[in-house]
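Dear colleague,

Please find below the structure that I am handing over to you.

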Amino acid sequence: MDDDGSPREAALTQLRKGVAPYCILALLADRERYGYDLARELAQREVVAGAGSVYPLLSRLQSDGLIRSAWREPDEGMPRKYYRLTAEGQVALDRFRALWPSFVASISEILQVGGATEGGPRNAP
Amino acid sequence: MHPDDGTAVERFFAAVSDALQPLAPERRAEILADLRAHTEIRRRQSSLDIQALLAELGTPEQIAAEAGLEGAVARTGPGTGARDIWSLIVLTATVLAWPLGIVLAAASGRWRARAVAYAAITTVLGWGVDLLAVVPITSFTQQTTCQQGVCVTTPVHFIHPFLRGLAVAGGGTALVVGLVGTPIVSAVYLAQTERNPEARPWLPVITWTVILVGAFIARQWMA
């Protein structure tokens, strides 16, 4: 990344890597959705760099067996590929959901107080 | 759409295709097809110009960055390979017992309805035309001749016995090729459209043309 206003993007890119796949699983937790819908929502929320990044992720999640796709023909317009969570995907999502709160709390604490309140590593001799 | 827009779109997808080069061809084709479908829907739903619309997708490099060869998330156990096994079941069933294969393909949701319909039509047409073509070859009419009050009924074949022999042999061969070949064509087409749902239906269309032209020629020749 260069420095024409994109350090923010560079930081986001690093943060997105681990969480974007789980966000897809979470969006599919309660209902099936079609790729365009997922791509638009994730791009609007800045979970991915662009809507186009969602499709490789969907492809990877599908080849990992965590989601499944099926074509549906709407009454009007183009056929749409819908995705839904598999049992294996649900397990992966549940595990991530269980880890996430304590992980975020830990990171937030470090960011807010520098992890220095109780003689953390920064103050160590 | 302005003509230049088409060029811009094709340039963009060519760049994405290059960036996805390390991927297996079927995954690359699938991602490109999904991106093209996304672009088409977005184009219909928004008034954005094509450059802004492509910018929304991200750069080819950003897209490729998400297509890593490793799994997207930590695995929960050994891979099932369920997707490949299911495809294998459908394609094998299409070759060996095509009505079952077509039903499974339709039920699986892995194929668009159009692809399933094309696969079904191919085999139905192959079998149907074969059966219709072979029946006249082996059929005959009866001719009754009466002399001095005694009538004799004899079978009269439509064509000379020698030619009829050739036609039966040729028709029989065509029947076997049609019976065995068209389910294979259907299965190959399903395999093709599973990898790339946007694939043009050249294979079934060429097969239909060969079947129909062949039947027409055979019919003209035998008439």
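The notes below concern a sheet in chain A and a helix in chain B.

Please bear in mind that this is a predicted model.

Sheet in chain A

Three strands of chain A make up an open sheet, in the order E1-E3-E2, with antiparallel pairing. Strands E1 (33-34) and E2 (67-72) of chain A are at the edges; each has a single partner strand, so one side of each has no neighbour in the sheet.

Strand E3 of chain A comprises residues 80-85 and is joined to E2(A) by six bridges, the two strands running antiparallel. Within this pairing, Arg72(A) has Arg80(A) as its bridge partner in E3(A), and Arg68(A) is opposite Arg84(A) in E3(A). The pairing of E1(A) with E3(A) is also antiparallel and extends over two bridges. Here Tyr34(A) has Tyr82(A) of E3(A) as its bridge partner.

The two faces of E3(A) can be told apart: Lys81(A), Tyr83(A) and Leu85(A) form the covered face, whereas Arg80(A), Tyr82(A) and Arg84(A) form the uncovered one.

Helix in chain B

Helix H6 of chain B consists of residues 98-108, and its buried residues are Trp98(B), Gly101(B), Ile102(B) and Ala105(B). These four lie on the same side of H6(B), because the arc they cover around the axis is only 100 degrees. Just after H6(B) comes Gly109(B), which takes a positive phi of about 75 degrees.

With kind regards

Notes. Residues numbered from 1 in each chain as written. Chains lettered and ligands numbered in written order. Predicted model: local features only at pLDDT ≥ 70, side-chain atom pairs only at ≥ 80, totals over all residues. Buried ≥ 20, exposed ≤ 12 C-beta atoms within 10 Å, placed from the backbone. Arc of directions from axis to C-beta. Pairing = 2+ DSSP bridges.
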